[in-house]
Amino acid sequence: MLIDYIKKILSFLINLILLPQKLINDLVKLNWTTLGIEYLPEKNQIKLKCALEELLKTEENYVNKLDFGLKSYAEPLDELLQDKYNEEFFDIERLKNFHKYELLPLIRDNQRNVFDIANTFHRLISNDCFFDYVFYAMRKPKLENFIAEHSGLFEKLALKSNDKLGINSFLHEPIQRIPRYKLLFTEIIKAISVDDDAMKDIQRACHIAERDILTLLNTVNEALNLNLLNKTDQFNMFEYGKFIKASDFEMIDTKQNIHFKGKAFLFEKALLCTEFDELKVLYYYRTHILIDDILYIDADKQGTFRINLDDVEIDFTSNKEIIEKWIDLLTRTDNRNSSVLGSSTWDEKQYLKILRKIERHYILHLNLYKQNHLFEAKALQDLSDLISLTDTLYIFHVQKILPVLEKPNICITEVCELFKTCLSDPTFEIYKKYGVLAPTSFKSSKSNFKSLSDLENFHKFIELPLNHLSRYKKFFSKMVRVLFNDTEVPKDLVLKVASVQVEINKYEKTVMDHYKLHSIESNNVAGVQDLGMINYTDFVTFDNMTSKNRIFLMDDSVLAVKLKTLRKDDENEIFESFLWRIPLEGINIKISSKINKKLKISSKTIKSGDHSVTFRTIEKMKEFVKYLDSKTKAYEI
């Protein structure tokens, strides 16, 4: 017994002595592994380490090759060809600087952290830091022609620099780099593909990065097809913003009855339509469409969409997947508007142009969904009321708002009057009804959608009118800030715009309150969809709860809602659950004699108990009582 006791003491002392060494060993083991990588089997850790080391090694080699090529071939041109270097090798110079001074240091800093490396690629690709690869692909033929014109000179430069592979190998380096990233991330994903919850976040980050790299690679490859475009003065590809995508289509100019097969090239500001000549292996210009001139896009389930302009109508036919991708790209508005609204200088024409664009794209979206090309027929049968509301909204915006915004020489004062009129129009109140019906329709119909993509499209459809109100709010908020800071703008104009902004913000918040209220997943209160419209709401404290919550006066009841955030001005405020509901019929309220901003609510007709409600101020409490008084006289003070 004594011996066993002594052994336990000795074991404890030994472990105590070895503990620091054990911690050191663990730290050494985790030296290159963080965020759960230590949970990988040893062979997977070795594979991952090799892949990350290969990523760093190839990145360093790539930067060195670009550096060597520019010094060998580009820099000598400063003297030999009167500074042609800056013009002809500009894209490669930008690529070198990006990799040498931005990407390579980040890979070095995070060499042993695969999670951060994956997020680095995602962030840089999402922010268009790799977009010079697309420009390089578009301009590579011009550089190759320049080199061909001076082939003797570049052969001499290759000999002088002892470059046995020559300049053509140097020009091909950027084209090979993106596929190399794809292969490396494939190896990384293989190494971390284990069934362990500790690895889920890392796996997700790597899959996102791999997807981004593949999208970039496809865009670069599609941009290379622009090199097969026959020279024309009718379209300068560098005047229409970023290149986005190219796909094969059968196209029909319906008004001229012209059929042709070729590629459509989508740029930020224009859509280029070409016809392919198989004998000459060239794409010939047919027409181009300015994105801002598109009035409507119609689509069907047979793989065709039609673009409508004032005097042009073109059908595009391909497979369903390509059609849906192009419709998404053609109707995407968030990125297009953000850059202009980022301007801090007041330019009335520019702001009105953006407002017209916001409105036209919204109508374009509504028209698309009216075609029902995104949803299963079975699901649509359950959405007749929601579709009817959407149709009414569509007609209102087409007939009442867009024609005014399209008027020549319209001014911002007229826009203010337009929105004041709209906000007082009974038809515009449909947005509140939509806020009630949309979430309940989504919950009741989402099980009818067979595929995830159809369900995602349905969710986009549901949120479309809500997002449009949000764009109005952001537009007017930005406009007020810019006007306020411009000393040359008349004060009465600033006040006029600010007044409309306040009304739009208030209306948008009311609609979103309806939407979020009816989106609550809770069984605490039955028949939420029958509560009707919100007549009044405020931030309060219920019973003995310390957090801020919301009280709602509905058409037929008072409703208490628990919030997930404590910040009352947070736009992302979440309605977490219902606390209680008391019907207006038989409601009873008593104002506290001790705390003048507190009252108790109970019911004479149902067993609900007494619920104490503390308002922020006595004025807020009186406002609630006034609204309640307008609905019913059945309370005591």
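Colleague: Which residues touch the most other members in the largest nonpolar core?
Modeller: Phe89, Phe121, Phe130 and Phe267, out of 75 residues. A nonpolar core here is a set of buried Ala, Val, Leu, Ile, Met, Phe, Trp, Tyr and Cys residues joined through side-chain atoms within 4.5 Å; buried means under 20% relative accessible area (1.4 Å probe, protein chains only).
Colleague: And where does this core lie?
Modeller: Domain 2 (37-227) and domain 3 (231-341) both contribute residues, so the core lies between them. Those bounds come from an automatic or database domain assignment.
Modeller: There's also a second, separate core of 57 residues, which includes Tyr369, Ile412, Leu469 and Tyr507.
Colleague: What should I know about the model itself?
Modeller: It's a predicted model, where local features need pLDDT of at least 70 and side-chain atom pairs 80 or more, while totals for chains, interfaces and linings use all residues. Residues count from 1 along each chain as its sequence is written, and side-chain values use heavy atoms, without hydrogens or water.
Colleague: Switching topic: is Asp513 buried or exposed?
Modeller: Buried, with a relative accessible area of 3%. Asp513 lies in helix 19 (residues 491-517); helices are DSSP runs (H or I, at least four residues), numbered from the N terminus.
Colleague: What is Asp513 in contact with?
Modeller: Leaving aside neighbours within four places in sequence, Asp513 is in contact with Ile534, Thr537, Arg550, Phe552 and Phe575. Contact means heavy atoms within 4.5 Å.

Notes. Buried means under 20% relative accessible area, exposed over 50%, partly exposed in between (1.4 Å probe, protein chains only). Helices (H or I, at least four residues) and strands (E, at least two) are DSSP runs, numbered from the N terminus.
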